[in-house]
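Subject: Structure handover

Hello,

Here is the structure we discussed. My notes follow below it.

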Amino acid sequence: RAKATGRQRFVLFDESQQKAAMNVLELELQLRHALHAGEFVPYFQPIVRLDDGSTVGYEALIRWQHPERGLLGPGEFLPVAEESGLIEAIDWHMYRLACAAGAPLVGDGGYISINISPRHFQYEDFDQRLLELLRETGFAPPQLRIEVTEGTLLGDPEAAARILQRLQDAGIGTALDDFGTGYSSLSYVHRFPLKSIKIDRSFISDLGQTNARRSLAIIEAVQGLARSLGLNVVAEGVETEVQRQALLATGCAYAQGFLFGRPQPAEHWQAPAGPAPTVIPEKP
Ligand code: C2E
Ligand code: MG
Ligand code: MG
Ligand code: MG
């Protein structure tokens, strides 16, 4: 009977679904290969002070240097990497590279921020593993920041709080990523040991648009909460001067976005100033 049901189901599993499943399997194989072939690399995007534009840190963002398809962003492969669990191995590889390549960028007081898959918080000893990696790479804990999303915290809030606390005690900065897109309320944030909140890009992109008012109200509320909790606020996805000005007016201190710099390989940010640009003489 069970077999019959199974067969029945198989019939319902139409051709396009079958193809999709095949593509997922194919991609999973490719990801496994890419990991061993060293095709995953960190790109770095500056995090700046809103008032003077000076860089305070860099977020490490994964890229896949695909031999045929070129440079791929996480949107192309992260869901399958998460689903399959491969993200765990990929992330550890990324964190190692991010520390190695990011070390020359941070100097005194700067930091490298890494994104943490929710899967890592299933392990109560995640903090130990991360500290072990830092010891191996010689990367100082205060120069590292981790970014977790609300989903990561809500899985097992007590365990998540413990892990974050131990990371913070070790000197590692903790940030809540994509704030405003999840299910947690503003009042929920104080339960977790966090150093900063990153306001999701969707709120920033509204600024300067017709529906700016609502997003501005949310940004101001986050700002007020952060102030009272002693948290830093980073605005994500700042693309225009209008957005920068609007954020400055709310008292937002830090930002990240194409206005200040796109994600680039570490060498890009390290490059010396180089020779002065050639002056093109005016046409007579
Ligand atoms: P995120 O952590 O919220 O990272 C910010 C995303 O916004 C990045 O996309 C960045 O390229 C993009 N961005 C930055 N400034 C702007 C802007 O001004 N305009 C626009 N339109 N976009 C901007 P990216 O690199 O595609 O990464 C997407 C997401 O993938 C990240 O969102 C993060 O959740 C995840 N991710 C990235 N790297 C890693 C990683 O190494 N491990 C894990 N587990 N997740 C990662
Ligand atoms: Mg992030
Ligand atoms: Mg984000
Ligand atoms: Mg985001």
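Which residues come nearest to ligand 1? Of the 23 residues around it, the nearest are R63, D91, D177, E239 and F258, where a residue counts as near if one of its heavy atoms lies within 4 Å of the molecule.

This is a predicted model, in which local features need pLDDT of at least 70 and side-chain atom pairs count only at pLDDT 80 or more, while totals for chains, interfaces and linings use all residues. Residues are numbered from 1 along each chain as written, chains are lettered from A and ligands numbered from 1 in the order written, and side-chain values use heavy atoms, without hydrogens and water.

Ligand contacts. Polar side-chain atoms of Q45 and E59 contribute here: the one in Q45 lies 3.0 Å from a nitrogen atom of ligand 1, and the one in E59 lies 3.0 Å from an oxygen atom of ligand 1. A side-chain N or O atom of E236 is also 3.0 Å from a ligand oxygen atom. On its own, ligand 1 has 810 Å² of accessible area, and the protein covers 81% of that (Shrake-Rupley method, 1.4 Å probe).

Shell. β2 (55–66), α4 (87–106) and β6 each supply at least two shell residues; the largest share, four residues, comes from β2. Helices (H or I, at least four residues) and strands (E, at least two) are DSSP runs, numbered from the N terminus.

Strand β6. β6 runs parallel to β5 (144–148), joined by four bridges, with R145 opposite G173. Strands pair if DSSP finds at least two bridges between them; β6 also pairs with β7 (196–199) in the parallel sense, over three bridges, and A175 has S196 as its bridge partner there.

Regards

Definitions and conventions. A polar contact is a pair of N or O atoms within 3.5 Å; within protein, one must be able to donate a hydrogen and the other to accept it, and residues adjacent in sequence count only if both atoms are side-chain atoms.
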